[in-house]
There are 2 protein chains.
Amino acid sequence: MSKKASESVLSEAQLDAINAYWRAANYLSVGQIYLQDNPLLRAPLQAEHVKKRLLGHWGTTPGLNFVYVHLNRLIRERDLNMIYVTGPGHGGPALVANTWLEGTYSERYPDVAEDEDGMRRLFRQFSYPGGISSHVAAEVPGSINEGGELGYSLSHAFGAAFDNPDLIVTCVVGDGEAETGALATAWHSNKFLNPVHDGAVLPILHLNGFKIAGPTVLARIPEDELLALFRGYGYEPYLVEGSEPGPMHQRMAGVLDEVVERIQAIQKDARTNGYSTRPHWPMIILRSPKGWTGPKVVAGAPSEGSFHSHQVPFGNVAGSSENRTLLQDWLKSYRAEELFDQQGKLIPELAALAPRGERRMSDNPHANGGMLMRDLRLPDFRDYMLDLPQPGALRAEATDVQGRLIRDVLKLNAKTGNFRIFSPDETLSNRWRAVFEVTDRCSTAEIAEADEHVAVDGRVMEVLSEHQCQGWLEGYLLTGRHGFFSCYEAFIHIIDSMFNQYAKWLKKSNEVPWRRPIASLNYLLTSHVWRQDHNGFSHQDPGFLDHVTSKTADLTRIYLPPDANTLLSVTDHCLRSRNLVNVIVAGKQPEWQWLDRDAAIKHCTAGLGIWGWASNDRDREPDVVIGCAGDVPTVEALAAVMLLRELAPQLRVRVVNVVDLMTLQPPSAHPHGISDKDFDLIFTHDKPVVFAFHGYPALIHRLIYRRNNHANWHVHGYKEQGTTTTPFDMVVMNELDRFHLSAAVLDTIPNPDSSVAYARQVLRDKLLEHRHYIRAHGEDMPEIRDWQWH
Amino acid sequence: MSKKASESVLSEAQLDAINAYWRAANYLSVGQIYLQDNPLLRAPLQAEHVKKRLLGHWGTTPGLNFVYVHLNRLIRERDLNMIYVTGPGHGGPALVANTWLEGTYSERYPDVAEDEDGMRRLFRQFSYPGGISSHVAAEVPGSINEGGELGYSLSHAFGAAFDNPDLIVTCVVGDGEAETGALATAWHSNKFLNPVHDGAVLPILHLNGFKIAGPTVLARIPEDELLALFRGYGYEPYLVEGSEPGPMHQRMAGVLDEVVERIQAIQKDARTNGYSTRPHWPMIILRSPKGWTGPKVVAGAPSEGSFHSHQVPFGNVAGSSENRTLLQDWLKSYRAEELFDQQGKLIPELAALAPRGERRMSDNPHANGGMLMRDLRLPDFRDYMLDLPQPGALRAEATDVQGRLIRDVLKLNAKTGNFRIFSPDETLSNRWRAVFEVTDRCSTAEIAEADEHVAVDGRVMEVLSEHQCQGWLEGYLLTGRHGFFSCYEAFIHIIDSMFNQYAKWLKKSNEVPWRRPIASLNYLLTSHVWRQDHNGFSHQDPGFLDHVTSKTADLTRIYLPPDANTLLSVTDHCLRSRNLVNVIVAGKQPEWQWLDRDAAIKHCTAGLGIWGWASNDRDREPDVVIGCAGDVPTVEALAAVMLLRELAPQLRVRVVNVVDLMTLQPPSAHPHGISDKDFDLIFTHDKPVVFAFHGYPALIHRLIYRRNNHANWHVHGYKEQGTTTTPFDMVVMNELDRFHLSAAVLDTIPNPDSSVAYARQVLRDKLLEHRHYIRAHGEDMPEIRDWQWH
């Protein structure tokens, strides 16, 4: 421990004031958990003052309050620009208490004013029907991290710090959360932070010793291991440990002074002399009792310093006068009468401890990122589109074309520094190779001679952790910037639960009037199920679409552009959208191209449409509709059309391509859903539909469940059949290939004659021929090359 | 570095032999990636000898081969019982090569014999249509870890080591995989391993320096940080670093001798003197070039030691004679003529290096766990059932009752030591409190005075990482043991992707004839969506059921027992089942009980059924069917029945409860699906069905999509509406409550008269009364107490 940290940095008056502020926050926290009336205990505590259902988490709360008041001192004294990310988000009472103390809460929610009635409302609303969540959530000013599902605080903190050179993000990591995988790898984020143009993250590992009922790992290893671990992670750890408030305040103040000076020295050096070597950023290990300042003993069992204080230390307060006394004594131990004036407002001497205006962590605009968000400068996506004399005239790698657009988005916004791309080491593999013309992978760790496109100021964030990619990007978006996450389709399931939580956050923050819109979270899912023939079964899973569909409809969009030009149009649209989660699925392999500039834009604007050039039902009703969604299914569907023209030329076939999957839903279920009338105009109200789909067939059935004629749909898609084979064999295994699709169309013909039977036989023969060829040659047969539409 | 490790432990002859064996494995690896014929290069390499599509991962392969041959020496010399878990599972060629060299591959797949023709088949099948995967997968003898989705090797390794005192699990962790969250926290598994009765895990962190195209984090930090990190994780790290084969063999041999002696010393001490303190288990950091022994330079760019060697170092071999020469020279560098005899079989001097029989890592029965699995001793689940004079006679906490059964399973199998339970610190919260009567939470870290039920030999595996719980359990099951994973319902999504991969593994291993059946993976999902009113929106998500349903039907089961007795019956069934994933959803709160012993068993055996006692359609067709699945929906459905008896006594209502969700699917879609005839007998073929469901309504629509009358189903379930409120308000928000259900039933009445309008008004009034009460009192109204069935 350094010299400074062991000195007394606080005067006695300062210490008293800080401790008093802490008492106020603790008082308000206990009040929120227990009381619904009599907030200042002006009357003896009665049963009716206490909530019927006692819900909340006390254990972590005093520690969060402790950190808060100390950060306030730091911000005020040094005029810091700081936000506070709290991993132990169950400690909602702490954050709500502090935002109320510094006035922000009442500014956002005027009925919860800074007076006794406001305090009563503050208490009553907490974990109460129609009130607020017991966790830190979107409703809480200053928050960018939901405290429900643990693991993401540190990734969010780093995401917030990237490209925010003046910002310090203090991030409390609970010792429970520290056991999660996402958090355990997030410590390595320091290898991606550049002190020249990024802000700083100050992690505080808060060791309370216990989770819900059991011990925590990091609280139960010897100090030398603990310090070694964080040195190994590349930090300079500072220990603050104890339970006596006085000495703890001194220690915390001293350590905080020192770590901020260390942070500023690192930044000054890097910004003056340029980046030289990865700094050892400071971090703090705060070891304090769980349920600190709460009752020592409840019903004969230890409470403070034990897992028994994790949630509500004792219940049955309305029914037990003994427990009421216990609660009253506990509340009185904070001496509220010294902290709040007659009106119930924090006394001015203490209020003066909090920073002012936007320096308050609860009012910092970075934590309401939409306030700071600047629109991206976007190139004209039409400029990247392929020239296409006719549908099927050439093949191209769609994501390669998209990569050129992304490159120029990076270039145009390089100065603003508000756009980054994220990927688990797949940027190149996913064919966004063009981006390396203008930037690099980011790494502030050692760069070796054999590395290519790796630099300390790269804007391509690659780490083999989908959790980190997602967490960083969320933090980046929530603080008002823009980004894209490109991922192998199968492995995006790794962040299913993070997606859930983010969607929930968005839903709630849309209901909070003061939260400003932020950029959408954009996914490119590529290396998708149909082209993972070489990696095999483990890499084949289109189920993220199902997962996304189950979430709140007005937040989620799914796009399946069939070719490069439509992918460009969709990408532009997603980059301009706000407050959504956009999922784009597109292949990276050379594939046939269908739509020219105008057609692509028109098609994407509609979201779906009849492809007249591929249909032969002009001016009449078709006999059958062939639908398709997804690039590979579109190729197979169109190849089936070619086969049918040859084998069943009398059949009137209409081809419909769907790029915006949600158009299939009724408008009551999704804002993009087309009307039933339009749906019938496109798909007919009574003709069979053979639909070739990128994902699991059940998803299409689900989307069209309430449409007319839905029972007449025959959906082909992924049936969980896969292995290491060829691309064409993959579609065959799942009966999504041109032969099976054509056969399915023939099966819809009522009263088939012998020509149909003959056509079916031809299809069977062709399929067999293909499969034999594949087995014999280890590759697919040379493909159809000339698409003849007229 | 210790003295021993720096000495030359191998004689020159030993070193030559080990190096020759390694050359053989490398030769076979390159052959698999490139060749389809001419396996021993008896003829000059021609285009037709080379595969058309070159697919595979070379980069990690030579390192895996290097470790393999050294482990062979160790096993042979010390008669070790060892299995080999390879995190860099893309290195499939290495594992396949080694299993072929030691004969196991040909024993399992006789057509791939130990001769030239077998070698040709070995080469050709790799990453070839109809052949084998390019990753380590279920088809590979000796494997318990799929190499597709990275992150789980170390958790699998520890899961395998628990309760296997004689087993050493060597686990190679790639530096790519090491960046994942799951792996980053898995290092802490050593705080849960007890040397007295568990085996050992020997982790080898393999630093190759690169992922697909970018650098890896752990390869780019200074050595002092690297060592500090692993000391911080609690290990004693040994470094083996270099690129010259000779010295590397000596170093690796010396270090392996030392670490095995260290492991054995730790075990001997603990087993002689009892457990004293958590040992610092050894681990190895192996730093070797990516693509080691491959071509140094390809087309002017570095290959060995660079990310360019990650997959196939160079392509276009069939088409380029230059590349053919490069490949031929590379293959010839291994001097196959010295390694294989005229028949193509490994020469006896080298074959002698491999262990014999089941000591071969590829033949070790622990890696084919079904060989060792012993059935659990199970108590009679009927003994735990609640006495129930009539439906609704009492309330009980279902998972508490289940916990007593689990307690006795733990007790009865304590000696065998083949059953553990896994949870992210929720065993107590989920009401399995009874288990702590017979065992404890497991921790070999420091145990504090305030801890309760924590012990070094506890069988309750709690860590706040769903990834670890899942990974440990998978490893435990795959090595022939049994277990249960209890989890908050919302957060099981954290392991969505692990579930996917495990289901894929099971599907493939069911197709492998020599893989013996293993115990099923059992989930208890509790603290479920309907009783997360206190934790709020972030804790409310029933979507895992949708996720599971999208996977291969014959492997997955979903049970929604409505009460304690049915939960017991289902639990017993799951513990006896094999090769499945069983998902049980059951609440932990006091809830009404419906079925007595006999009725519960009968109901669970059928999977669904008409509850005659709740229905009033005896001897006639009903007017409407009320269906329900899940405990809370069942209460609401039955309460709706009560309301309807009062408000619409003339209405004939049939009540159907579904406990085995998959019975709803047609038998063609799921083995548990009931016949269409039975379905119609139960649900009628034309009457409206109002269905109260635990999860998202879309799932029910999906399951019954092909049933008669499906358009006449009105499903109520979770609509993504939630907040912090009361339990009853939660069902109201989602229109799953008794009032909405009753109203939905009334809505099905054709030509409703004024009495129906009146009934609807009564329902509206009652609902309003409830909501007002909740807002005013902060809790639900006192509930219906007397269920009158006659």
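Q: Which residue caps the N-terminal end of H23(A)?
A: Asp737(A) does the capping: one of its side-chain oxygens lies 2.9 Å from the backbone nitrogen of Phe739(A). A pair like this is a polar contact (N or O atoms within 3.5 Å; within protein, one must be able to donate a hydrogen and the other to accept it, and residues adjacent in sequence count only if both atoms are side-chain atoms). Before we go on, keep in mind that this is a predicted model, where local features need pLDDT of at least 70 and side-chain atom pairs count only at pLDDT 80 or more, while totals for chains, interfaces and linings use all residues. As for bookkeeping, residues are numbered from 1 along each chain as its sequence is written, chains are lettered from A and ligands numbered from 1 in the order in which they are written, and side-chain values use heavy atoms, with hydrogens and water left out.

Q: How do I read a label like H23, and how many of the residues of that helix in chain A are buried?
A: Helices (H or I, at least four residues) and strands (E, at least two) are DSSP runs, numbered from the N terminus. Buried means under 20% relative accessible area, exposed is over 50% and partly exposed is in between (1.4 Å probe, protein chains only). H23 of chain A spans residues 738–747, and eight of its 10 residues are buried, so call it mostly covered. Among the buried ones are Phe739(A), Leu741(A), Ala743(A) and Leu746(A).

Q: What do the buried residues of H23(A) pack against?
A: Quite a list! In chain A they pack against strands E19 (624–629), E21 (689–693) and E22 (713–716), plus helices H19 (631–647), H22 (727–733) and H24 (754–777).

Q: At what angle do the axes of H19(A) and H23(A) cross?
A: Axes are lines fitted to C-alpha atoms, for helices over the stretch in contact, and angles run from 0 to 180 degrees between N-to-C directions. Here the two axes come within 8 Å and cross at roughly 60°. Angles under 35 degrees count as roughly parallel, over 145 as roughly antiparallel, 65 to 115 as roughly perpendicular and the rest as oblique. H19(A) and H23(A) are therefore oblique to each other. Contact means heavy atoms within 4.5 Å, and the residues that meet include Val635(A), Ala639(A) and Leu643(A) from H19(A), with Leu741(A), Ser742(A) and Val745(A) among those from H23(A).

Q: Is the crossing of H19(A) past H23(A) left-handed or right-handed?
A: A crossing is left-handed if the near helix is turned anticlockwise from the far one by less than a right angle, and right-handed if clockwise. H19(A) passes H23(A) in a right-handed crossing.

Q: And how do H2(A) and H6(A) cross?
A: H2 (residues 12–34) and H6 (residues 116–125) of chain A have axes that come within 6 Å and cross at roughly 55°. That makes H2(A) oblique to H6(A), and the crossing is right-handed. Tyr27(A), Leu28(A), Gly31(A) and Gln32(A) in H2(A) meet Met119(A), Leu122(A) and Phe123(A) in H6(A).

Q: What is the phi of Asn38(A)?
A: Phi is positive there, about 55°, although Asn38(A) is not a glycine. You'll find Asn38(A) in the loop between H2 and H3 (61–78) of chain A, buried with a relative accessible area of 8%. Thr684(A), also not a glycine, has a positive phi near 70°. Thr684(A) sits in the loop between H20 (676–683) and E21 of chain A and is buried at 3%.

Q: Which residues does Ser550(B) contact beyond its neighbours in sequence?
A: Leaving aside neighbours within four places in sequence, Ser550(B) is in contact with Tyr696(A), Glu720(A) and Arg702(B). Ser550(B) lies in the loop between H16 (544–549) and E15 (556–559) of chain B, and at 11% relative accessibility Ser550(B) counts as buried. A polar atom of its side chain is 2.8 Å from the backbone oxygen of His547(B).

Q: What rotation superposes chain A on chain B?
A: Two copies of a chain are related by a rotation about an axis and a shift along it. Copies are superposed by least squares on the C-alpha atoms of residues with pLDDT of at least 70 in both. Here it takes a rotation of 180° with 0.0 Å of shift along the axis (RMSD 0.0 Å). That is the relation of a two-fold axis. In chain A, the C-alpha nearest the axis belongs to Gly181(A), 1.9 Å from it. The same surface serves both copies, as 100% of the contact residues of chain A recur in chain B.
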